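Here's a quick briefing to read alongside the sequence and the 3D view. Have a look around first, then come back for the tour.

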Amino acid sequence: MGFKTRVLAALLVGLLLTACDKEQASSFSDAPVAFHPNDECHVCGMVINEFPGPKGQVVEQGGVKKFCSTAEMLGWWLQPENHHDTAKLYVHDMGRSQWDTPDDRHLIDARTAFYVLGTGLKGAMGVVLASFADEAKAQKVATDTGGSVLRFTEIDLALLQQPAGHSGH
């Protein structure tokens, strides 16, 4: 193989590798992903599917962080070092899911969801927040259980650290 042929071949390989890199970069999706049986909570390390109730996930360019509950995800998110403007936050819509087995086809934007606190339903450790896409469904659950409806911006660390009165355990 002559010098010119080797240079041309090297340039061609370089162009192909560059094209592959660009293809991978453009294939990033910020859509929610399914939970798998062995997924562990980003915060506590527990196997996520061992708990009933809605789960949460944060999807970013660097990967997906999964959480065993909406409260675990929100508690993590409320730490200033975890705020990233490009991150997408998702929770299960319990208006379209069974409590014991939330349906990954119904993951919704956590920032626009309605949360019911004080349902008495069992969930992962700590406060249990039932998440809903539909305000009327959230309000019905709150009325039926004596809970209250909250928006994303109303949830803070103090609320998430409440004692057992609103806890799943």
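Of the contacts in the protein with a separation of 6 or more, what percentage comes from residues 24 or more positions apart? They account for 60% of those contacts. Keep in mind that this is a predicted model.

**The overall layout**
- You'll find four helices and seven strands in this protein.
- Starting at the N terminus, the elements go α-β-β-α-β-β-β-β-α-β-α.

- The protein has 169 residues, and 39% of them are buried.
- Its accessible surface is about 9600 Å², and carbon and sulfur atoms make up 57% of that.

- Strands of a sheet pair through backbone hydrogen bonds, and they can be parallel or antiparallel.
- Here, four strands form an open sheet in the order 2-1-3-4, and the pairing is antiparallel.
- At the edges sit strand 2 (63–67) and strand 4 (107–109), each of which pairs on one side only.
- From one strand to the next, the twist averages 25°.
- Strand 3 (residues 88–92) and strand 4 run antiparallel and are joined by three bridges.

- Helix 3 covers residues 135–145.
- At its start, Asp134 has a side-chain oxygen that comes within 3.0 Å of the backbone nitrogen of Ala136.
- Just after helix 3 comes Gly146, with a positive phi of about 80°.

Key. Residues are numbered from 1 along each chain as its sequence is written. This is a predicted model: local features need pLDDT of at least 70, side-chain atom pairs count only at pLDDT 80 or more; totals for chains, interfaces and linings use all residues. Side-chain values use heavy atoms; hydrogens and water are left out. A polar contact is a pair of N or O atoms within 3.5 Å; within protein, one must be able to donate a hydrogen and the other to accept it, and residues adjacent in sequence count only if both atoms are side-chain atoms. Helices (H or I, at least four residues) and strands (E, at least two) are DSSP runs, numbered from the N terminus. Buried means under 20% relative accessible area, exposed over 50%, partly exposed in between (1.4 Å probe, protein chains only). Contact means heavy atoms within 4.5 Å. Accessible areas come from the Shrake-Rupley method with a 1.4 Å probe; for residues, only the protein chains shown count as cover. Two strands pair if DSSP finds at least two bridges between them. Axes are lines fitted to C-alpha atoms, for helices over the stretch in contact, and angles run from 0 to 180 degrees between N-to-C directions.
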